[in-house]
Amino acid sequence: MTARALVLSALASGPSTLHGPLRARDTELMAGGLRAMGAHMSISDDERWLVRPHRLVGPAHVDVGLAGTVMRFAPPVAGLAEGRVTFDGDPQARVRPLGPLIGALRSLGVRVEAPAAGSLPLTVQGTGRVTGGEVVIDASASSQLVSGLLLAGARFDRGVVVRHQGPPVPSAPHLRMTVQMLRAAGAAVDDSVPDVWVVEPGPLAGRGWEIEPDLSGAVPFFAAALVTGGEVTLQGWPRSSAQPVEQLRSLLHRMGGEVTLGTAGLTVRGTGTVHGLEADLSDVSELTPALTALAMLADSPSRFTGIAHIRGHETDRIAALAREFSSLGADLTESSDGLEIRPRPLRGGTFRTYADHRMAHAAAVAGLAVPGIEVDDVACTSKTMPEFPALWSAMVTGKS
């Protein structure tokens, strides 16, 4: 939500304020990239970020790090800049799928230079305007490929019509968030036809954004409640949210937890017994690593499907989870689009993260029940939650 608010604010007709933004490597890179193109960003205050739109210009360089949001939301914005904007990031970022977005931008009138494989590094040669219009894209690798076009689309001369053709688009709740936030900024968006999104051309309004707590970041803490038979509350959770709280509630309930929303926030309680389950996680694939760790500790087998696209995330998450948990003695099998887990006692050992924050979360959850698990790079959690090690330590020692 912070990433989307930053983009919409940089493209608005007036200033905006983000209240309670997520400060993490991904969001700071987004702010830095938009600032490099000319937007005025004031992000020194942890509780309130100010964005003042300004004419977008190059030359500029955008460091995407390993952030899918930056590498997919910022290039359409660069098409609206006047001048040359280059993009690159961490070595792992160069294997994340960008080809469909590059092709879509070219068909909308944006000049993009990129490797034949359709990856980073890339250059957008902006002219200060984008013709826009209709584009067909296969967004089965990531819903961000659609969101990036929609977020900038209202500023295109003809707006944008995005038609998806291919296997289902994953992470539908993230697309709903994009549409809701566009409408909140004054854009006219029609998503009534499945796999078609229409954004009419027009101005975006500057406004105040109340940033919700990040549900996916809270999941390892919720999982801790199930493992230990404890209770964890995510404070400040809104009564209505675009995030997939109902899907999470259902999954955790089936695995033995109780999820309630009260005045204190969103609370998860566990019994100390975890149940296995079969689930299609295509809409909530970010939960896969933590749920896999839970499944390792369950009283029955689990099977997760619908997550082929997470092979193109920060790392190939299916392969990485299978490899690292197998090294701890787990019995699991990877398929093209998921994992099958047959619980049995695990042993300690080094758990590699591959620079993926969600892998560190999975290791932390498993480590609540298995002595001797060591994470090789817990600092990778700074991608979305720099305070994760401190929060986790405070939780397990009772000193929060």
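**Salt bridges and burial**

Tutor: Glu 113 and Arg 111 form a salt bridge, with their closest N and O atoms 3.2 Å apart. The term means a side-chain nitrogen of Lys or Arg within 4 Å of a carboxyl oxygen of Asp or Glu. This is a predicted model, where local features need pLDDT of at least 70, side-chain atom pairs count only at pLDDT 80 or more, and totals for chains, interfaces and linings use all residues. Residues are numbered from 1 along each chain as its sequence is written, and side-chain values use heavy atoms, leaving out hydrogens and water.

Student: How many salt bridges does a search of the whole structure find?

Tutor: Side chains of opposite charge can pair when their charged atoms come close. The search finds 24 salt bridges. One of them joins Arg 317 to Glu 286, the closest N and O atoms being 3.5 Å apart. This pair links distant parts of the chain, 31 residues apart: Arg 317 is in helix α10 (residues 317-327) and Glu 286 in the loop between β16 (278-280) and α9 (288-296). Helices (H or I, at least four residues) and strands (E, at least two) are DSSP runs, numbered from the N terminus.

Student: Is Arg 317 buried or exposed?

Tutor: Buried means under 20% relative accessible area, exposed over 50%, and partly exposed in between (1.4 Å probe, protein chains only). Arg 317 is buried because its relative accessibility is 0%. Glu 286, at 19%, also counts as buried.

Student: And Glu 113: which class does 30% relative accessibility give?

Tutor: Glu 113 is partly exposed at that value.
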